[in-house]
Amino acid sequence: MTSNMGMGMLYRRFFDAYKKKDPTVPPLTAAAEATEEWTRVRAQYQDQVIFEGAINRRIEAYLSEANNNGNIGGLRSTRSLSGARVSSNTVVNTSQEYVDSHNIMDEEKCSSEDELNMHGKRKYTKPSQETSLKRIYALEAELNSLNQRKEASGTGNDELESKIRMVKMELDEERKALSKKERNAQRQKKFRETFKTKIKAACAENPGMAVKLKIRDGPGRPRLEENQPELLKAIVDIAVSGKSEEEKHKSEKIRSCKTLDSLHQELLKAGFSISRSATYLRLQPQNANTREGKRHVATVPVTLNDTKEVQKGHPDQEFCAATLNYLDSLASILGPQEVFYLTQDHRARVSLGMTAPCKQAPLLMRMEYNVCFPDTQSLLADQQKLVPSIYGGIVINSQSMGDAQAVQFSGPTYVAIRTGSQGTPTADAHASDFDRLLHLDAFRNMAKNDHGAVKPVIILAVSGGPDESAHYSKQISVAIKHFRDYDLDALFLVNDAPGQNGQNRTERRLATLSQQLTDLVIPHDRCGSHLDDEGRSVNKELEVENFVGASRILAEVWSSTVIDGHVVFAEQISGPQWSTQIEENADWYCRHVRESQYLLQIVKCGNPDCCGMLRSSLRCILPEGFLPPPCKLWQSSSGLVATERGSHAKFCPLFVRLSLQINPSQKNFVKTPYDYFCPTVLPHLVDRTCSICGLYFASIKGVVKHKELVHGMFSEPLSKIQPACVLARRGKELLCLFRDESSGAEGAAWHDEDEVETDVKLTLETESVSHIPIVGSAVDWLSSPWTNFI
């Protein structure tokens with residue numbers, strides 16, 4: 001019996017064939033008609049094999065009808081204003097009658113385009129030969145006339161005989177001239193073919209000759225990029241000018257450039273010959289689904305800035321960019337044989353919409369995603385949505401040692417699809433997904449070495465949600481579990497600043513995945529209808545079964561996708577999310593773990609009795625195994641100064657930081673905390689640092705626990721947390737929203753219920769009405785979310 005995924009693909013083939021049968025039918029009408037036909041055949045044939053055979057026969061019939069319709073003059077049937085379908089033959093016959101009535105089809109004036117359509121190949125005009133032919137036809141007609149007059153008048157007319165001889169002589173000369181012209185045309189044709197062959201051979205031996213002679217492969221006007229090969233690169237360079245150094249190295253990322261006029265003027269100043277409209281057509285379109293958007297064929301990853309949707313900055317974004325740059329530099333020097341670089345994003349949601357109210361209509365899918373969302377807006381999953389967790393392997397170029405740009409954007413992709421009823425994926429769910437992808441064939445070469453063991457250094461760049469936060473206790477527990485299970489030398493888990501998740505490398509792959517949903521239509525009642533006439537769910541069990549079936553169809557569609565030459569593997573994940581909480585020995589934790597606001601580092605201590613032998617060259621670069629705190633340097637008149645003040649101070653690269661050994665003045669600190677230059681954490685550094693050993697923690701609770709377990713110091717109970725509001729509740733945890741008063745920056749984190757002030761009210765309920773929206777406009781519903789963003 002066919003699986004649910006097989007039936008989904010069969011329905012999609014059936015629907016595609018039905019649409020091709022008559023492309024003029026609107027998509028929604030075709031969807032309703034196809035579903036009605038599918039249901040009728042299903043009711044007629046109860047046996048599964050017979051049913052599939054009947055559907056396959058209809059698919060073949062629809063495709064045959066589509067081919068027949070496409071062969072009639074290359075025209076499609078149209079609809080009249082009254083709604084009746086009018087055959088294309090009517091239009092052709094009417095046009096032919098008009099042409100015949102006006103006698104404009106003269107054979108001598110037939111264009112080369114008509115000859116191309118009739119004979120299938122280009123036929124060039126021959127003016128000189130055609131002139132001789134017309135002269136020969138005229139002389140032959142005159143000669144026939146003279147011979148008829150001669151026969152009518154009889155013999156003895158010397159003047160008529162003389163004219164006939166003269167016409168014959170002119171006719172012979174004209175025929176000889178025509179024959180000479182034909183032989184000359186053949187010689188010229190042979191000469192051109194020989195000359196082209198010699199030129200091609202010469203260009204093959206010397207490629208520079210082809211460039212100098214401007215030889216092209218085909219006819220037509222060449223693209224501007226052929227004569228100006230640096231044009232697209234110049235557009236990208238102009239678009240990213242003025243960006244910070246941390247952003248410039250990500251040249252493949254979609255950027256926000258200047259206005260179109262300023263970009264065009266800069267190109268003209270650079271010496272390029274290009275019009276304003278041609279400049280616009282080489283940028284990312286505002287909407288790729290429109291007719292205008294489809295004209296943007298050869299584009300660069302640049303889009304015009306939309307002032308309505310500008311991603312807000314965050315005080316910590318430069319600090320986070322410096323940390324990411326440190327990890328990229330570390331990965332480039334260790335190389336792909338020792339480092340497994342993985343990015344993670346789970347903020348996308350796949351919404352389901354019903355195409356018509358009060359009707360058993362199919363469902364349409366679309367992906368919801370916006371890089372400008374604060375993290376708190378994508379925390380809670382709607383029950384009527386699918387929640388994909390997307391993991392992207394990152395290719396590291398081994399030829400660019402020490403260059404942060406060696407860490408690229410492409411690689412294999414793994415998608416774990418869950419239903420909204422399962423809730424937002426937690427740290428435990430992501431840990432389970434990580435264990436799963438390590439055993440996939442697509443990630444084998446990227447995640448494991450030649451001996452089949454997981455590479456010794458793992459870098460995880462995850463979206464900065466509360467469940468993926470580097471200082472979340474459950475996230476630290478699962479990271480330690482991975483570190484021990486796979487005998488890693490180091491595990492680095494890094495987050496972006498809140499609201500700055502557009503820098504995540506996985507984000508650029510979501511547009512390709514979203515494109516696969518534009519024509520995906522599925523039945524909403526695979527296991528029976530769970531909706532009422534208004535689209536509200538009335539049967540939870542059937543709802544779960546139908547959404548599981550929809551997620552499997554989505555997984556099958558995405559698994560057939562290829563992004564940048566790398567495979568995508570998607571699957572539906574069911575079952576409860578397992579929970580892991582590891583209580584580590586405090587002494588072991590102090591030697592191996594370093595916490596910070598946006599970075600978690602777990603490193604082997606170097607003692608073989610404790611951690612085993614090192615498997616990488618990490619200690620050759622970082623003697624202690626841990627990254628040094630990012631440091632801002634100012635080129636003052638008295639030399640390099642480490643300071644956090646002044647706009648001229650910039651974060652230095654990793655290898656400059658290691659070589660200079662310049663540290664800021666350590667006031668109140670035994671050693672410099674990693675977050676010393678993090679603006680939002682600066683007021684809390686002293687409270688988060690152990691005054692005895694100088695070890696820095698990402699929370700005050702961690703410091704208190706460390707002093708009790710390691711140094712035997714017991715302090716007074718901590719005061720309860722006063723968040724701005726509580727967003728959600730999950731078991732005994734509360735999702736608290738914090739707001740920095742000075743900068744207005746927001747962030748969210750999970751805290752135990754007994755740590756939060758009880759008078760703070762829950763401002764956002766986690767439970768929502770289970771309801772499928774009605775699609776009013778298919779164009780708006782299927783529009784791409786990747787427009788006007790940075």
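**View 1. Ser329 and its contacts.** Ser329 touches Ala404, Leu654 and Phe655, leaving aside residues up to four places away in sequence; a contact here means heavy atoms within 4.5 Å. Ser329 sits in helix H14, where helices (H or I, at least four residues) and strands (E, at least two) are DSSP runs, numbered from the N terminus. Is Ser329 buried or exposed? Ser329 is buried, with a relative accessible area of 4%; buried means under 20% relative accessible area, exposed over 50%, and partly exposed in between, using a 1.4 Å probe and protein chains only.

A word on the model before moving on. This is a predicted model, in which local features need pLDDT of at least 70 and side-chain atom pairs count only at pLDDT 80 or more, while totals for chains, interfaces and linings use all residues. Residues are numbered from 1 along each chain as its sequence is written, and side-chain values use heavy atoms, with hydrogens and water left out.

**View 2. The whole chain.** The protein chain has 25 helices and 22 strands. Of its 790 residues, 44% are buried. Look at contacts with a separation of 6 or more, and 67% of them join residues 24 or more positions apart.

**View 3. The largest nonpolar core.** A nonpolar core is a set of buried Ala, Val, Leu, Ile, Met, Phe, Trp, Tyr and Cys residues joined through side-chain atoms within 4.5 Å. The largest one here has 43 residues, and Leu330, Tyr341, Phe492 and Leu627 have the most contacts inside it. At least two core residues each come from helix H14 (317-334), strand S5 (339-345), strand S10 (457-462), strand S11 (490-495), strand S16 (599-603) and helix H22 (618-621). H14 gives the largest share, nine residues. Another core, of 35 residues, lies apart from this one and has Tyr414, Ala416, Val462 and Trp588 among its members.

**View 4. Zooming in on Leu627.** Which residues does Leu627 touch? Not counting residues up to four places away in sequence, they are Tyr326, Leu327, Leu330, Phe492, Leu599, Gln601, Leu622, Leu654 and Tyr674.

**View 5. Ile394 in its loop.** Ile394 belongs to the loop between strand S8 (385-393) and strand S9 (413-419). Ile394 and Tyr341 are 53 residues apart in sequence, yet 5.4 Å apart in space, C-alpha to C-alpha. Beyond residues up to four places away in sequence, Ile394 touches Tyr341, Thr343, Val407, Gln408, Phe409, Ser410, Met446, Arg505 and Arg509.

**View 6. Helices H6 and H7.** The axes of helix H6 (residues 127-153) and helix H7 (residues 158-205) come within 9 Å and cross at roughly 160°. Because of that angle, H6 is roughly antiparallel to H7; the cut-off for roughly antiparallel is over 145 degrees. Axes are lines fitted to C-alpha atoms, for helices over the stretch in contact, with angles from 0 to 180 degrees between N-to-C directions.

**View 7. Two Asp residues with positive phi.** Most residues other than glycine have a negative phi. Asp487, not a glycine, has a positive phi of about 50°. Asp487 lies in the loop between helix H17 (473-485) and S11, and is partly exposed, with a relative accessible area of 36%. For Asp564, phi is near 55°, also positive. Asp564 is found in the loop between strand S13 (562-563) and strand S14 (566-572), and is exposed, with a relative accessible area of 51%.

Definitions and conventions:
Angles under 35 degrees count as roughly parallel, over 145 as roughly antiparallel, 65 to 115 as roughly perpendicular and the rest as oblique.
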